[in-house]
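Have the sequence and the 3D view open as you read.

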Amino acid sequence: MQSFRTYVYLNLWSDIDPTDAAARIRSAMYAAGFVMVEESDKGYNQPAYDTATHQYTIQWTWCLYEEAKSDAS
């Protein structure tokens, strides 16, 4: 049986503290069957603030693992 992995690289940029939005994103991704590979806020347990864009940022890598079903009998 063959399997497939779909990777999603997701960046959240926000003018305000994105902590609540990040929690909703995590919940939605888990509910859709994704597994978190990596989360990086670069802010030491708080959202990183990017002085160049004047925004907060959080980055994720998510993976969805699926086994392919064969139609052959």
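## Layout of the chain

Starting at the N terminus, the elements of the protein chain come in the order β-α-β-β-β. That makes one helix and four strands, where helices (H or I, at least four residues) and strands (E, at least two) are DSSP runs numbered from the N terminus. Bear in mind that this is a predicted model, in which local features need pLDDT of at least 70, side-chain atom pairs count only at pLDDT 80 or more, and totals for chains, interfaces and linings use all residues. Residues are numbered from 1 along each chain as its sequence is written, and side-chain values use heavy atoms, with hydrogens and water left out.

Of the 73 residues in the protein chain, 26% are buried, meaning under 20% relative accessible area; exposed is over 50% and partly exposed is in between (1.4 Å probe, protein chains only). Among contacts with a separation of 6 or more, 72% join residues 24 or more positions apart, a contact being heavy atoms within 4.5 Å.

## The helix

Helix α1 covers residues 19-31, and its 13 residues reach 19 Å from first C-alpha to last, close to the 18 Å expected at 1.5 Å a residue (that is, 1.5 Å times one less than the number of residues). After α1 comes G33, with a positive phi near 95°.

I25 lies in α1 and counts as partly exposed, at 22% relative accessibility. Leaving aside neighbours within four places in sequence, I25 is in contact with L10, L12 and W60.

## Aromatic rings

Rings of Phe, Tyr and Trp (its six-membered ring) pair if their centres lie within 6.5 Å; planes under 30 degrees apart count as stacked, over 60 as edge-to-face and the rest as tilted.

| Pair | Centre to centre | Angle between planes | Type |
|---|---|---|---|
| Y30 and W62 | 5.3 Å | 80° | edge-to-face |
| W60 and W62 | 6.5 Å | 35° | tilted |

Y30 sits in helix α1 and W62 in strand β4 (residues 55-67), so their pair ties together parts that are 32 residues apart in sequence. Y30, W60 and W62 form one aromatic cluster. Y30 is partly exposed at 46% relative accessibility, whereas W62 is buried at 0% and W60 is buried at 2%.

## The nonpolar core

Which residues make up the largest nonpolar core? There are eight: L12, A22, M29, F34, I58, W60, W62 and L64. Such a core is a set of buried Ala, Val, Leu, Ile, Met, Phe, Trp, Tyr and Cys residues joined through side-chain atoms within 4.5 Å. Both α1 and β4 give two or more residues to this core, with β4 giving the most, four residues. One of the core residues, L64, touches F4, R5, T6, A32, G33 and F34, not counting residues up to four places away in sequence.
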